[in-house]
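Me: I would like to learn how the features of a structure are read. Please take me through this one.

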Amino acid sequence: MSLLNLIKEIGRDAVGSDDPVAVLYAAVTRVSPLEVSVDQRFRLAEDFLVVLDHVTDIRVGSSLVLLRVQGGQSFIVLGKAAES
């Protein structure tokens with residue numbers, strides 16, 4: 001194994017994941033306090049969400065685009081998904 005591949009493997013093991021971030025879609029289930037349902041699999045409370053300043057006019061039923069931060073302990077709300 002080359003030194004470069006060894007360094008990459010050590011880095012992957014240290015991080016604990018080959019996918020350090022993920023894009024997810026969520027539906028707003030409650031506005032105050034904010035709560036979302038991610039792909040109908042699990043719910044996230046406001047404590048786990050980082051809402052960027054430009055994300056406004058969030059309503060129940062709004063579709064949001066989330067970015068899961070490495071480790072899955074917090075999720076950044078990137079914006080609202082376009083209504084179809």
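**Core, sheet and surface**

Me: Which residues touch the most other members in the largest nonpolar core?

Reply: A nonpolar core is a set of buried Ala, Val, Leu, Ile, Met, Phe, Trp, Tyr and Cys residues joined through side-chain atoms within 4.5 Å. Here the largest one has 14 residues, and Val36, Val38, Leu44, Leu49 and Leu66 touch the most other members. At least two residues of this core come from each of E1, E2, E5 and E6, and E1 gives the most, with 3 residues. The model is predicted, so to speak of a local feature pLDDT must be at least 70, and side-chain atom pairs count only at pLDDT 80 or more, while totals for chains, interfaces and linings use all residues. Residues are numbered from 1 along each chain as its sequence is written, and side-chain values use heavy atoms, with hydrogens and water left out.

Me: What share of the protein do buried residues make up?

Reply: Buried means under 20% relative accessible area, exposed means over 50%, and partly exposed lies in between (1.4 Å probe, protein chains only). Of the 84 residues in the protein, 23% are buried.

Me: In which sense do E1 and E5 pair?

Reply: E1 and E5 are antiparallel, with 6 bridges. E1 (residues 22-30) is also joined to E2 (residues 35-38) by 4 bridges, again antiparallel. Alanine 27 can be followed in both directions: its bridge partner is serine 37 in E2 and serine 63 in E5.

Me: In which sense do E4 and E6 pair?

Reply: E4 (residues 49-51) and E6 (residues 75-80) are parallel, over 3 bridges. E5 (residues 63-68) pairs with E6 in the antiparallel sense, over 5 bridges. Leucine 66 stands opposite valine 77 in E6. The hairpin of E5 and E6 has 6 residues between the strands, and there glycine 71 takes a positive phi near 95°.

Me: Which residues are linked in a network of salt bridges?

Reply: A salt bridge is a side-chain nitrogen of Lys or Arg within 4 Å of a carboxyl oxygen of Asp or Glu. The whole structure holds 4 salt bridges, and the network links Arg30, Glu35 and Arg43. Glutamate 35 meets arginine 30 at 3.4 Å, N to O, and arginine 43 with the closest N and O atoms 3.1 Å apart.

Me: Is glutamate 35 buried or exposed?

Reply: Glutamate 35 counts as buried because its relative accessibility is 17%. Arginine 30 is partly exposed at 38%, and arginine 43 is exposed at 53%. Another salt bridge joins arginine 59 to aspartate 57, with 3.0 Å between the closest N and O atoms. Arginine 59 is exposed, at 52% relative accessible area, while aspartate 57, at 45%, is partly exposed.

Me: Which residues form a nonpolar patch on the surface?

Reply: Patch members have over 30% relative accessible area and no salt bridge; like charges are joined within 9 Å, and nonpolar side chains (Val, Leu, Ile, Met, Phe, Trp, Tyr) within 5 Å. The patch here consists of Leu3, Leu6, Ile7 and Ile10, which together have about 400 Å² of accessible area, computed by the Shrake-Rupley method with a 1.4 Å probe, where for residues only the protein chains shown count as cover. Leucine 6 lies in helix H1 (residues 3-15) and is partly exposed, at 38%.

How values were computed:
Two strands pair if DSSP finds at least two bridges between them.
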